[in-house]
Amino acid sequence: MEDIFSASREGNVKFVRQFLDNIENDLNQGDDHGFTPLHWACREGQMVVFEMLMARGSRVSARNDGGDTPLHLACAHGNKEIVSKLIQYKANLNLMNEHGNTPLHYACFWNLETIAVELVNCGAYVMQCNRYEETPLDKATPFLKNLLREKAKNLGQDLTRLDFKENKGMNNAVYDFSTLKGGNASIDIADIHLMERISESNTGELFKGVWNNVPVVAKKLKLYGFHKRLALVFNDEYPKLRIFSHPNILPVINAVAKQPNLMVISQYMPYGSLYNILHEGTGIVVDQTQAIKFALDIAKGMSYFHSLEPLIQRFTLTSFHILIDEDLTARISMQDVRYSFQDHTKVFRPNWLSPEMLRNSPESVDQRSADMWSFAIIMWELSTREVPYSSLSPMECGMKIATEGCRPPMTPGMPNQLSKLISLCWNADPTKRPRFDQIVPIIQKM
């Protein structure tokens with residue numbers, strides 16, 4: 001029976017397309033040996049499948065159980081075109097597998113001169129030792145060894161041997177959440193071991209917990225009265241948030257839907273939200289490069305989110321609702337989508353809301369345009385590391401945005417490209433704001 005791994009290996013484009021169209025399918029899941037669909041496409045040189053997976057957001061430097069990335073496999077099998085594409089997609093050239101081998105070790109071992117030269121030209125280290133104290137040059141033929149050594153020297157590489165260091169946390173996904181998502185049947189609260197309370201918001205309480213022996217976050221929804229119909233509505237709505245098909249979306253994994261508790265379960269993110277990282281001293285350094293990466297992650301996630309039909313309603317884009325993965329990937333949290341039975345009239349964090357969202361009923365507002373305003377505020381937040389409108393109370397903030405179209409001030413040191421993009425995204429006219437799929441290539445060039 002065909003699965004996504006064999007389809008990616010064999011180049012079955014139709015099957016891969018159907019797989020990607022199902023939002024509950026995780027394109028970064030691994031097989032029994034940790035090979036993702038991208039690993040197989042790169043190993044077998046399936047360029048069309050490769051492009052489909054990358055366009056959807058496959059993790060370019062994911063590791064299998066042996067620590068190999070897609071670039072390791074493309075180099076080992078001489079798939080030059082895919083190697084070039086992986087480099088364009090910013091694959092890490094110097095990651096080591098469990099044996100300490102980098103992609104360049106493989107290119108040298110198989111005497112793949114063109115690939116080896118391209119790797120070195122793009123920054124691969126020629127003197128990195130593996131576990132057995134062998135550098136890529138030790139694996140190369142005399143001709144290739146001299147060629148690469150000379151290129152590395154001309155590029156300014158230090159030709160001193162780099163000692164092997166044990167790669168801690170080799171696998172980028174310790175827990176395979178794809179194994180926890182089968183079926184839409186809700187679970188019993190007794191199946192979750194709830195630990196400390198993390199935080200509380202107007203929509204619910206967050207608890208760290210353990211379910212199926214993996215760390216999760218459980219959000220207990222705030223309810224004002226419980227009735228049978230409410231549980232039915234919840235059971236209809238929460239499965240739509242189990243979006244496993246994009247790496248910049250953090251899905252709801254499962255839920256508790258038994259009186260008197262309604263609770264949604266998501267993967268635990270140790271770094272917390274983007275707000276935590278920017279404003280609450282987590283120790284994560286967000287320089288300009290990392291800020292742009294976060295912005296790109298968010299834009300890609302929102303582009304996919306907005307492509308879903310029908311559009312999922314009642315999500316507010318704020319830095320509180322962007323969670324940060326262990327590899328510093330920003331992900332849109334589906335746990336923060338409100339349900340139809342929750343109160344939508346009260347506004348608790350107007351700082352990120354567009355003027356039309358504060359003036360009008362949600363049903364009359366173009367959500368896609370409103371989200372773009374919110375994204376502009378987040379870009380400003382990423383650039384300045386400041387809380388937007390921090391000197392104003394929530395009421396003052398909401399009134400100034402709604403009645404005056406107030407925006408945070410641009411700072412003198414803000415890059416010109418970024419300030420222009422922010423101005424475009426928080427245009428007073430919602431119809432003149434761009435779409436997320438239009439700004440992704442702009443941010444990529446930054």
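Contact here means heavy atoms within 4.5 Å, and with that in hand I opened the model, which is a predicted one.

**Entry 1, the domains.** I looked up the domain assignment of the protein chain and noted domain 1 (4-155), domain 2 (184-267) and domain 3 (272-445). For the pair formed by domain 1 and domain 2, I found that their C-alpha centres lie 38 Å apart, and that 11 residues of domain 1 are in contact with nine residues of domain 2.

**Entry 2, the buried area.** I then read off the area buried between domain 1 and domain 2, which is about 750 Å², with carbon and sulfur atoms giving 47% of it. On the side of domain 1, I noted that Ile23, Glu24 and Arg56 supply 63% of the area buried against domain 2, more than any other three residues.

How many salt bridges are counted between domain 1 and domain 2? I found one; in the model, arginine 242 forms a salt bridge with glutamate 24, and their closest N and O atoms are 2.7 Å apart. I also noted five residue pairs in polar contact across this interface, and I sorted the residues of domain 1 that touch domain 2 into three nonpolar, four polar and four charged.

I traced an open sheet of three strands in the order S4-S8-S7, with mixed pairing. Strand S4 (249-250) and strand S7 (322-324) each have a single partner strand, so I recorded them as edges, with one side of each left without a neighbour in the sheet. S7 and strand S8 (residues 330-333) run antiparallel and are joined by three bridges, and I saw leucine 323 standing opposite arginine 331 in S8.

Key
Residues numbered from 1 in each chain as written. Predicted model: local features only at pLDDT ≥ 70, side-chain atom pairs only at ≥ 80, totals over all residues. Heavy atoms only, no water. Domains from an automatic or database assignment. Buried area = accessible area lost by both parts, 1.4 Å probe. Salt bridge = Lys/Arg side-chain N within 4 Å of Asp/Glu carboxyl O. Polar contact = N/O pair within 3.5 Å; in protein donor to acceptor, adjacent residues only side chain to side chain. Nonpolar A, V, L, I, M, F, W, Y, C, P; charged D, E, K, R; others polar. Pairing = 2+ DSSP bridges. Helix = DSSP H or I, 4+ residues; strand = E, 2+ residues; numbered from the N terminus.
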